[in-house]
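Please read the points below with the structure open beside you.

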Amino acid sequence: MLPAPRADLKSNTLAYEVTPLVKPTGFREYDARWVFEKEINLLGIQALGQGLGTLIREMGKEPRIVVGHDFRGYSASIKQALTVGLMTAGIEVNDIGLALSPVAYFAQFDLDIPCVAMVTASHNENGWTGVKMGAARPLTFGPDEMGRLKEIVLNGEYKSFPGGAYKYVEGLRERYIADLVDGVSFKRKMKVIAACGNGTAGAYAPEALERMGLEVIPMDAELDHTFPRYNPNPEDMEMLHAMQAAIREHGADVALGFDGDGDRCGVVDDEGEEIFADKIGVLIARDLSAQHPGAQFVVDVKSTGLFVTDPVLIKNGAKTEYWKTGHSYIKRKSHEMGALAGFEKSGHFFFNKPIGRGYDDGLVAAIALLQMLDHNPDKKLSDLRKSLPKTWSSPTMSPHCADETKYGVVEQVVKAFEERAKSGGTIIGQKIRDVVTVNGVRITAEDGTWGLIRASSNKPELVVVIESPTSEENMKKMFEEMDAELRKHSEVGEYNQKI
């Protein structure tokens with residue numbers, strides 16, 4: 001049996017080679033992420049696997065699991081260590097090899113296996129690793145499961161069971177692509193840029209889109225785990241700007257950008273305009289609610305207010321609920337409510353029947369967008385974008401804040417804004433319309449301008465998003481007020497990007 005993990009081990013020492021290293025902050029709200037070798041070692045990953053296997057048995061689930069890994073230089077070895085731990089806990093491991101996260105979720109259905117563990121750091125920079133886990137398809141773990149897993153692993157409560165086995169499953173890539181393109185065709189001819197950031201999506205997206213009859217221009221689709229041009233994150237302006245340049249070079253109808261594990265999709269239109277994913281969600285919701293009157297949607301608190309004010313959605317009888325940011329939260333809420341779709345500003349889109357199986361898949365989102373264009377043959381994507389009521393939106397901005405302190409900082413910021421509202425204070429010189437604290441704090445001024453501050457679930461960062469339906473000036477004023485509140489806390493560092 002492995003000894004209980006420690007968090008204070010240093011590499012190149014005897015203790016590091018014989019003891020699991022696991023930093024407690026790697027257990028996040030709905031998945032796990034660490035800086036490999038600095039915050040977790042291979043024995044720590046093995047302990048995580050044995051802990052996950054112990055939890056699966058504790059939950060009464062069938063002891064079978066799908067595992068896959070993304071394209072990073074160290075992901076295969078991490079998956080192997082995870083597999084050893086799972087097998088020690090008596091779990092039958094079904095290894096699908098190199099895969100996108102949605103391919104692992106698809107495999108749960110295709111192979112009729114209840115559990116999944118996808119080794120991926122998603123869009124995080126190189127050096128990071130992590131695992132997305134679930135035991136009730138199409139859902140992934142939430143805070144309760146992650147809390148119990150953390151307890152099992154850190155306390156060394158993992159157990160050994162007989163019956164562990166390993167199977168390498170071939171052919172999932174082809175079966176996934178075949179399932180994806182089945183019945184999908186387009187009447188209008190479209191030229192599409194598939195931007196992959198040299199990540200795992202390069203092995204899937206260009207071929208899948210070509211098999212739908214589209215003219216596809218692959219962009220950074222060669223697999224290269226050094227990510228030579230930029231991090232594969234379609235929420236970062238660097239990748240969006242590269243997509244913008246490609247649109248202008250090739251005269252394409254749309255550029256689709258996929259993140260490191262392929263569960264998110266970013267969009268640049270035919271005029272080179274970067275359309276944030278929440279606005280794409282509004283356009284897709286318009287299209288879907290026209291086909292399914294009265295459709296229910298779920299969106300995260302980072303998303304545009306247009307989901308409740310857009311006249312087209314109101315006319316179609318669409319209903320929208322705002323919920324906590326995070327792929328597991330929106331996925332679970334969409335599932336519980338029987339929503340047609342869920343949308344996150346980060347680019348996670350969730351489609352339930354009859355469109356999808358409920359999990360986030362960047363290529364399924366891309367198909368929904370392209371079908372929307374197909375339903376509007378006389379309009380370009382830029383025309384549809386211009387048809388939205390005008391708002392001024394910031395990108396997602398993330399100032400550094402250590403995992404150990406970020407939740408405390410957010411708690412104090414929430415309290416400060418709540419007290420301001422209760423005392424009759426103002427924001428950007430206006431009355432405060434409401435303060436929503438379902439996930440951090442979202443404060444809205446009388447004219448509808450709002451700002452959000454929350455703790456990132458993935459990295460040692462905070463998240464700041466601003467939107468104004470009235471002016472760019474008010475958007476900037478709101479950012480200045482939100483930032484001024486953050487600057488009262490010395491723990492808050494520099495932003496990754498700003499307005």
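1. The model is a predicted one. Each point should be read with that in mind.

2. Start with Thr19, which sits in the loop between helix H1 (14-18) and strand S1 (32-35). Is Thr19 buried or exposed? Its relative accessibility is 11%, and buried means under 20%, so Thr19 counts as buried. Leaving aside residues up to four places away in sequence, Thr19 touches Pro3, Ala4, Arg6, Leu9, Asn41 and Leu43.

3. The count of salt bridges comes to 44. One of them joins the side chains of Arg148 and Glu58, with a N to O distance of 2.8 Å. Arg148 belongs to helix H5 (residues 143-154) and Glu58 to helix H2 (residues 42-58), so this pair ties together parts that are 90 residues apart in sequence. Arg148 is partly exposed, at 24% relative accessibility. Glu58 is also partly exposed, with a value of 46%.

4. Arg148 has a further partner. Its side chain meets that of Glu157 in a salt bridge of 3.2 Å, N to O. Glu157 counts as partly exposed, at 32% relative accessibility. Which residues are linked in this network of salt bridges? The members are Glu58, Arg148, Glu151 and Glu157.

5. Another salt bridge is formed by Arg137 and Asp112, whose closest N and O atoms are 2.9 Å apart. This pair links distant parts of the chain, 25 residues apart. Arg137 is in the loop between strand S5 (128-134) and H5, while Asp112 is in the loop between helix H4 (101-110) and strand S4 (115-119). Arg137 is partly exposed at 32% relative accessibility, and Asp112 is partly exposed with a relative accessible area of 48%.

6. A disulfide is a covalent bond between the sulfur atoms of two cysteines. How many disulfides does the structure hold? The number is zero. Take Cys265 as a case: the closest cysteine sulfur to its own is that of Cys196, and it is 10 Å away. The cut-off for a disulfide is 2.5 Å, so the two sulfur atoms are too far apart for a bond. Cys265 is buried, at 4% relative accessibility. Cys401 is buried too, with a relative accessible area of 0%.

7. Strands of a sheet pair through backbone hydrogen bonds, in either a parallel or an antiparallel way. In this model, five strands make an open sheet with mixed pairing, and their order is S8-S7-S9-S10-S11. Which strands lie at the edges? They are strand S8 (215-219) and strand S11 (274-275), each of which pairs on one side only.

8. Within that sheet, look at S8 and its partner, strand S7 (residues 191-195). The two pair in the parallel sense over five bridges. To find the pairing in the view, locate Ala194, which stands opposite Pro218 in S8.

9. Last, a helix lies across part of the sheet. Helix H13 (residues 362-374) lies across S7, strand S9 (254-258) and strand S10 (265-269). Relative to S9, H13 runs at about 165°.

Conventions
Residues numbered from 1 in each chain as written. Predicted model: local features only at pLDDT ≥ 70, side-chain atom pairs only at ≥ 80, totals over all residues. Heavy atoms only, no water. Helix = DSSP H or I, 4+ residues; strand = E, 2+ residues; numbered from the N terminus. Buried < 20%, exposed > 50% of the residue type's maximum accessible area, 1.4 Å probe, protein only. Contact = heavy atoms within 4.5 Å. Salt bridge = Lys/Arg side-chain N within 4 Å of Asp/Glu carboxyl O. Pairing = 2+ DSSP bridges. Axes fitted to C-alpha atoms, helices over the stretch in contact; angles between N-to-C directions.
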